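This briefing goes through one structure topic by topic. Keep the sequence and the 3D view open while reading.

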Amino acid sequence: MDSHSPTLLKVENLSKQYLVKKTLFKKEFFKAVDNVSFSLDYNQILGIVGESGSGKSTIGKLVLKLIEKDTGKIQFEGREIDRMSPSEEKKFRKETSVIFQDPRTSLNPRFNVYQILEEPLIIHKFPKTERKERVKKAILDAGLDESFLGRYPSELSGGQRQRVAIARAIILSPKMILADEPTSALDVSVQLQIINLIKRMKEEKKISFLFISHDLNVVGMLADRIIVLYRGKIMEKGSAKDVLLNPLHPYTKILIQSLPPEHPRQRKKIEKLPEIYREEIKGGCVFYSRCPVAEERCKKEPELKKINGREVYCHFI
Ligand SMILES: Nc1ncnc2c1ncn2[C@@H]1O[C@H](COP(=O)(O)OP(=O)(O)OP(=O)(O)O)[C@@H](O)[C@H]1O
Ligand SMILES: [Mg+2]
C-alpha cells in the first residue's frame, strides 16, 4: 500500500456495453456505463445515485471484477485489478466484499448463520479457533447476539438478515465494501438502523463503502461524496454537502426538489422522473429530452466540467 496516497480505489474512463440483440447480420449493444471516472478514499463513503437502469450495479460489478469491463482502468491500492498476480487477486478478494439489496436471496437458505459467517473464513483458510472468534465478533459488531448463530435465514426478519449480510461482509476485515441498495427492501425504521450500522462500520473499522442507491435521501444520510448517474454517465460529482445543498446539474436539482425530507414514507423513487420535454436526440446531452432548461447548444454533448472541486456534465455551467 502507498501510505502517502489517500486513494483506495481509482476508476478512470470506465465503459461497459451489453450485447442485447444478436442476429446473423447484426449485433446490438447497450451502453450501460459510459466513460465514468471517480475515486474512493480510505475511510470514505461514496454514494452512487441514479434511477433504475442508470448503470449503478454495473459499475459495482466492474469494480469488484465480477464482470469484465470494455475499456478503462480500475486500480485498487495502486494496482490494476486486471493485472493482478494470483496472490494479489486473492488479497483483493479478501479486502473487498459486497452487501446486496435482498438478503433473502444473498444468504444461503440451507446454512445457519454460523455457517454463513464461517464460509469466507474457510475459503481463506483461517484456522478453526480464529474462525470461531471472528464469527462471534462479527455477529456482535453487526448488532446481533450469539443466540442468532444457530438460526437459519428463514427464521430472521429482513433487518436481521441484512445484519447477517453485513457481518459476513466485514468478517475478513475488508478495506472496501460495495453496498448495492442494501436498504431498499427494508421498512423505513429498519433502513435507518442499517444506515447507522454502515456509518459505524466506516467510523470504527475504517472501511470504505461504495454505496449504491436510487434514493438520494438515503445516500445523503451516509455519503461523504456523491455521484449522480444518468444513463451510464456522470451528471454531477462532488462532496455530499455541495451536491445536496447546491446542486448544479438540472437533473440533480429535480431530484432534490422532489424529496420531501420530513416524510420519508412518501419519498418518491427516482424511477419516476417528471417530464419528457422534447424528442430524444443522438449525440447530444443524454439528459436533453428530460431537461427543463435545454436549448440549442445541448444538441452537442457537454463535457464533464470541473468547478470548485466538483464536476458537472452540463453546458450551462
Ligand atoms: N447482463 C446484461 N445484459 C444486458 N443488459 C444488461 C445486463 N445487465 C444490465 N443490463 C442493462 O444495463 C443497464 C444498467 O443496468 P444496471 O443493473 O447497472 O442498472 P442499475 O442502475 O443498477 O438499476 P437498478 O436501480 O434497477 O438496480 C440497464 O438498462 C440494464 O437493463
Ligand atoms: Mg442495480
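Predicted model: local features only at pLDDT ≥ 70, side-chain atom pairs only at ≥ 80, totals over all residues.

D180 stands opposite I212 of strand β8. That pair belongs to the contact between β7 and β8, two parallel strands joined by 5 bridges.

**Strand β8 and its partners**

- On its other pairing, β8 (residues 208-213) runs parallel to strand β3 (residues 45-49), and 5 bridges join the two.
- Two of the residue pairs between these strands are L46 with L210 and G47 with F211.
- Is β8 enclosed or open to the outside? Of its 6 residues, 6 are buried, so the strand is largely enclosed by the rest of the structure.
- In a regular strand, side chains alternate between the two faces of the sheet.
- In β8, S208, L210 and I212 point one way, while F209, F211 and S213 point the other way; all of them are buried.

**The eight-stranded sheet**

- β8 is part of an open sheet of 8 strands with mixed pairing, in the order β6-β7-β8-β3-β9-β10-β12-β11.
- At the edges of this sheet are β6 and β11 (304-307), each of which pairs on one side only.
- On average, neighbouring strands here are turned by 20 degrees against each other, with direction ignored.
- Helix α2 (residues 86-95) lies across β6 and β7 (176-180) and runs at about 40 degrees to β6.
- Helix α6 (residues 158-170) also packs on the sheet, where it touches β6 and β7; the direction of α6 makes about 175 degrees with that of β6.

- Strand β9 (residues 225-230) pairs with β10 in the antiparallel sense over 6 bridges, and I226 has G238 of β10 as its bridge partner.
- The two strands form a hairpin with 2 residues between them. In that turn, R231 has a positive phi of about 45 degrees.
- β10 is also joined to strand β12 (residues 310-313) by 2 bridges, again in an antiparallel arrangement.
- The partner of E236 in β12 is V312.
- How many residues of β10 are buried? In this strand (residues 233-239) the count is 6 of the 7, so β10 is largely enclosed by the rest of the structure.

**The four-stranded sheet**

- A further open sheet is made of 4 strands in the order β2-β1-β4-β5, with antiparallel pairing.
- Its edges are β2 (27-41) and β5 (79-80); each has a single partner strand, so one side of each is left without a neighbour in the sheet.
- Helix α1 (residues 56-63) packs on this sheet and touches β1 (7-22), β2 and β4, with its direction at about 65 degrees to that of β2.
- Between strand β4 (residues 71-76) and β5 there are 2 bridges, and these strands run antiparallel. Q75 has E80 of β5 as its bridge partner.

- S97 sits in strand β6 (residues 96-99). With a relative accessible area of 14%, S97 is buried, because buried means under 20%.
- A polar atom of the S97 side chain lies 2.7 Å from the backbone oxygen of A169.
- Beyond residues up to four places away in sequence, S97 touches L64, A169, P174, M176, I177 and L178.
- L66 is in the loop between α1 and β4 and is partly exposed, at a relative accessible area of 49%.
- Leaving aside neighbours within four places in sequence, L66 is in contact with K61 and R93.

**Ligand 1**

- Which residues surround ligand 1? They are Y18, F30, A32, E51, S52, G53, S54, G55, K56, S57, T58 and E181.
- An oxygen atom of the ligand is 3.0 Å from a polar backbone atom of G55.
- Side chains take part as well: a ligand oxygen atom is 2.8 Å from an N or O atom in the side chain of K56, and a ligand oxygen atom is 2.5 Å from an N or O atom in the side chain of T58.

**Record annotation**

- An unreviewed UniProt entry places the feature "domain: ABC transporter" at residues 9-256.
- In the model, this span is 40% helix and 28% strand, and its end C-alpha atoms lie 28 Å apart.

Conventions
Residues numbered from 1 in each chain as written. Chains lettered and ligands numbered in written order. Heavy atoms only, no water. Pairing = 2+ DSSP bridges. Contact = heavy atoms within 4.5 Å. Axes fitted to C-alpha atoms, helices over the stretch in contact; angles between N-to-C directions. UniProt positions renumbered as here; feature names shortened; annotations may be inferred. Buried < 20%, exposed > 50% of the residue type's maximum accessible area, 1.4 Å probe, protein only. Polar contact = N/O pair within 3.5 Å; in protein donor to acceptor, adjacent residues only side chain to side chain. Near = heavy atom within 4 Å.
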